Amino acid sequence: MQKVIKLQSVELTHKKQLELSDARIEAKRIINKFILPNIDSCEDNGQLQQKVYNDIRKESYLPSQVLLNLIRSSFHLKQKSAETRNIDRITLDYNIPRACKMFMLDDKKLCFAITVKPRHRIVIPIESNGSVIRFQKQIDNGWKMKQIGLTNRNEIIATIEKKKVRKNYKNILGIDTNSNNVSVTALTPQGKIMKQLYLGKNLYDRKAKILKRKAILQSHADKGSSKAQEKLRKLSRKVRNINKNAVGEISKQIHEIAEKYEARIVFERLHKFEANKSKAFNRKVTLIPFHMLTMTTAIRSVDTGVPMGYVDSYHTSKWCSGCGSVNPPHDSSNYAIYRCGNCGLVVNSDRKASLAVAVKKFAERKEYFQFSAKRVPVNALFRGDESNVIQATENAVSLSDPKEASCL
Ligand SMILES: [Zn+2]
């Protein structure tokens with residue numbers, strides 16, 4: 001995966017500015033003379049390169065790698081009409097380490113030495129600011145410099161990359177989204193709960209306040225107050241922003257936990273919510289936009305490499321992790337509690353549901369839990385027509401006591 005960070009150069013000397021400006025003029029000349037006249041007859045930039053590179057090489061003093069990058073980065077101009085092909089703001093790209101070297105001065109100042117022409121380098125010192133700190137943090141975390149781009153204002157666009165170390169992800173992070181938080185459980189194939197915690201707790205409080213205000217404004221708006229209507233519009237924008245930020249944050253935390261415990265991320269499938277159409281339920285569920293959360297988490301997976309999947313939500317909130325029997329998801333006297341009528345287990349219902357999601361995924365994958373004194377049947381987690389899924393298994397898991405697990 002790759003990231004891009006913009007770095008500010010310090011005010012350069014007049015001589016350096018001239019040399020960089022010359023390089024830019026030369027690059028534009030190349031584009032005008034060789035690239036633009038040929039771009040429309042080429043299908044891709046490989047073809048363009050084949051057609052023009054040798055001719056360019058014969059007459060341009062720019063380093064070969066810079067020229068190759070120039071051909072590649074100019075190819076997108078093909079999509080624009082001839083009149084709108086503006087090349088004033090092109091960046092010159094220098095690959096590391098051949099055309100550009102990164103180093104530190106004694107005073108910890110970050111510098112790039114770029115090869116503007118063969119055997120001639122220009123040193124560009126970077127302004128020490130927040131971007132540099134962020135940049136160096138990434139380098140310390142194992143990111144490697146790949147390329148820098150020099151903009152027309154002599155800013156540095158640094159491209160860094162990190163090669164993924166393929167992990168095993170033998171554990172599972174079960175996720176249960178509830179009306180007021182997201183509960184997660186990291187479970188090993190041996191049935192040991194490594195971590196249980198809640199995410200997005202403060203989101204509930206913030207949104208509860210807003211919903212209250214919304215109800216008051218709505219009653220004013222219903223009576224015809226235009227001021228209240230305007231405020232309502234602002235409020236829904238605010239809610240959208242809160243959602244977006246909260247989902248981004250929760251999804252990031254999910255990935256961090258999954259990474260740390262080498263666990264694949266498992267959500268329940270949506271129809272739990274579709275199936276339950278009661279008004280109160282839907283109002284609660286929208287407190288955490290489930291679809292947005294799974295989407296954001298899935299997109300993040302592409303970058304982090306943590307696998308993500310789903311299980312059917314059938315009985316995940318009803319299944320008892322103590323004995324495998326089925327009970328109401330919430331205790332009648334306390335909504336937050338799950339109470340088993342069979343074995344007497346009393347646990348937090350959300351934590352237990354996220355544990356059930358993880359257990360169910362292991363059961364589906366038929367990877368479980370060989371050694372244990374206490375085995376819990378999993379049949380109740382599957383619908384009758386899915387019995388073939390579990391027949392090949394021993395129909396039971398061994399679990400460590402969920403009450404022992406650490407919880408924030
Ligand atoms: Zn039980």
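**View A. Arginine 119 in the loop between E4 and E5.** Arginine 119 has a positive phi of about 60° although it is not a glycine. Most residues other than glycine have a negative phi. At 84% relative accessibility, arginine 119 counts as exposed (exposed is over 50% relative accessible area, buried under 20%, partly exposed in between, with a 1.4 Å probe and protein chains only). E4 and E5 form a hairpin with two residues between them, and arginine 119 sits in its turn. Helices (H or I, at least four residues) and strands (E, at least two residues) are DSSP runs numbered from the N terminus. This is a predicted model, in which local features need pLDDT of at least 70 and side-chain atom pairs count only at pLDDT 80 or more, while totals for chains, interfaces and linings use all residues. Residues are numbered from 1 along each chain as its sequence is written, and side-chain values use heavy atoms, with hydrogens and water left out.

**View B. The open sheet of three strands, in the order E3-E4-E5.** The pairing in this sheet is antiparallel; two strands pair if DSSP finds at least two bridges between them. Strand E3 (100-104) and strand E5 (120-125) stand at the edges with a single partner strand each, so one side of each has no neighbour in the sheet. Neighbouring strands are turned by 25° against each other on average, direction ignored (axes are lines fitted to C-alpha atoms, for helices over the stretch in contact, and angles run from 0 to 180 degrees between N-to-C directions). H1 packs on the sheet, touching E4 and E5, and its direction makes about 120° with that of E5; contact means heavy atoms within 4.5 Å.

**View C. Strand E4 (residues 110-117) and its bridges to E3.** E3 and E4 run antiparallel and are joined by five bridges. Phenylalanine 103 has cysteine 111 of E4 as its bridge partner, and lysine 101 has alanine 113 of E4. Towards E5, E4 again runs antiparallel, here with six bridges. On that side, lysine 117 is partnered by histidine 120 of E5. Seven of the eight residues of E4 are buried, so this strand is largely enclosed by the rest of the structure.

**View D. Helices H1 (residues 14-39) and H2 (residues 45-59) packed at an angle of about 145°.** Two packed helices are described by the angle between their axes and the distance between the axes. For H1 and H2 the axes are 10 Å apart. The H1 residues in the contact are Glu26, Arg29, Ile30, Lys33, Phe34, Ile35, Asn38 and Ile39, and they meet Leu48, Lys51, Val52, Asp55, Ile56 and Glu59 of H2.

**View E. The open sheet of four strands, in the order E1-E7-E6-E2.** The pairing in this sheet is antiparallel. Its edge strands, each pairing on one side only, are E1 (2-7) and E2 (92-95). Neighbouring strands of this sheet are turned by 25° against each other on average, direction ignored. E2 pairs with strand E6 (residues 144-150) over four bridges, and tyrosine 94 has isoleucine 148 of E6 as its bridge partner. Helix H4 (residues 130-140) lies across E1, E6 and strand E7 (156-161), running at about 150° to E1.

**View F. The cis peptide bond between isoleucine 96 and proline 97.** Omega of this bond is about 5°. Proline 97 is placed in the loop between E2 and E3. Most peptide bonds are trans.

**View G. The zinc ion and its protein donors Cys320, Cys323, Cys340 and Cys343.** Each cysteine donates through SG, and the donors lie 2.2 to 2.3 Å from the zinc ion. Donors are N, O and S atoms within 2.8 Å of the metal (3.2 Å for Na, K and Ca); water is not among the atoms, so sites may look incomplete. The site is tetrahedral, with angles of 106 to 114° among its four donor atoms (four donors count as tetrahedral if all angles lie between 85 and 135 degrees). The donor residues follow the spacing C-x2-C-x16-C-x2-C in sequence. Cysteine 340 is buried because its relative accessible area is 4%, whereas cysteine 343, at 42%, counts as partly exposed.

**View H. Histidine 315 in the loop between strand E12 (308-311) and strand E13 (337-339).** Histidine 315 has a positive phi of about 65° although it is not a glycine.

Methods:
Tetrahedral: all angles 85-135°; square planar, octahedral: opposite > 155°, others 65-115°.
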